[in-house]
Amino acid sequence: MVVGVFPLAKLALLAIKHISKPIGNLIKQTAKKNKSFKTLVVAPPARLYHVIDVRSKMWMLGLGQPRLIPPLTDAMTIQMGGDILGEMVIFIIGATLIVGEFKRQAKNDRLKHEKHKMHREKLEERIGDLTNKVTRQTKEINQLRSKLGSRETYTETYTAYSNTGDLECN
């Protein structure tokens, strides 16, 4: 029996939801205790979400735009705002991790590119050195051949002269 791929994405989403709940609860408790935190931090996202939610539902139902949107109660504002802010915190943490991973990968790619570039430059330098060495050795070989050729000519002349027998002493 073949077991399917374990749904890691679902597990990750479930973990994120479980992590966001305590953060949301902390925000809710703080909003209940601190009125300024509630009015300045928690309430604006909750009210904005409520307005967008009501208008979009009315539009989807074909009822047109509402003239007056009823405000949320304090309990609903705290509940919705805490949930939204908890999700935002998790989103920001996730986005930061993704951006950090992207930067790390970019740095690794840059270092790898620089390493390959340095290696290529060393190889090009080595090829240049070997080319110069081959050129120098070719010149030396040609010089040695020319010296060897002149020596052979000298040896042939000397051998030819000594074989004539003109210089024999009896």
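This is a predicted model: local features need pLDDT of at least 70, side-chain atom pairs count only at pLDDT 80 or more; totals for chains, interfaces and linings use all residues.
View 1. Going along the sequence, you read the pattern α-α-α. Of the 170 residues in the chain, 14% are buried. Six salt bridges turn up in the structure, and a few of them get their own views below.

**View 2. K28 and D83 pair up between helix 1 and helix 3.** The two side chains meet in a salt bridge, with 2.9 Å from N to O. K28 belongs to helix 1 (residues 8-33) and D83 to helix 3, so this pair ties together parts of the chain that sit 55 residues apart in sequence. Are the two partners buried or exposed? K28 has 12% relative accessibility and counts as buried, because the cut-off for buried is under 20%. D83, at a relative accessible area of 36%, is partly exposed.

**View 3. Helix 2 has a bend at A43.** Helix 2 runs over residues 35-61, which makes 27 residues. From its first C-alpha to its last it reaches 36 Å, close to the 39 Å you'd expect at 1.5 Å a residue. Where does helix 2 bend? Look at A43: the bend there is about 50 degrees, and a proline, P44, follows within four residues. A43 is also one of the buried residues of this helix, together with K38, V42, P45, A46, H50 and V54. Just past the end of helix 2, G62 takes a positive phi of about 75 degrees.

View 4. D53 is partly exposed, with a relative accessible area of 22%. K57 also counts as partly exposed, at 46% relative accessibility.

View 5. I92 lies in helix 3, which spans residues 74-162. What does the record say about this stretch? An unreviewed UniProt entry annotates residues 84-102 as "transmembrane region". In the model, residues 84-102 are 100% helix and 0% strand, with the end C-alpha atoms 26 Å apart.

View 6. R120 is partly exposed, at 43% relative accessibility.

**View 7. Residues 113-147 carry a coiled-coil annotation.** The label "coiled-coil region" for residues 113-147 comes from the unreviewed UniProt entry. How much of this stretch is helix, and how far apart are its end C-alpha atoms? Over residues 113-147 the chain is 100% helix and 0% strand, and those end atoms are 50 Å apart.

Note on methods. Residues are numbered from 1 along each chain as its sequence is written. Side-chain values use heavy atoms; hydrogens and water are left out. UniProt positions are given in the numbering used here, feature names are shortened, and annotations may be inferred rather than shown by experiment. Helices (H or I, at least four residues) and strands (E, at least two) are DSSP runs, numbered from the N terminus. The expected span of a helix is 1.5 Å times one less than its number of residues. The bend at a residue is the angle between axes fitted to the seven residues ending there and the seven starting there. Buried means under 20% relative accessible area, exposed over 50%, partly exposed in between (1.4 Å probe, protein chains only). A salt bridge is a side-chain nitrogen of Lys or Arg within 4 Å of a carboxyl oxygen of Asp or Glu.
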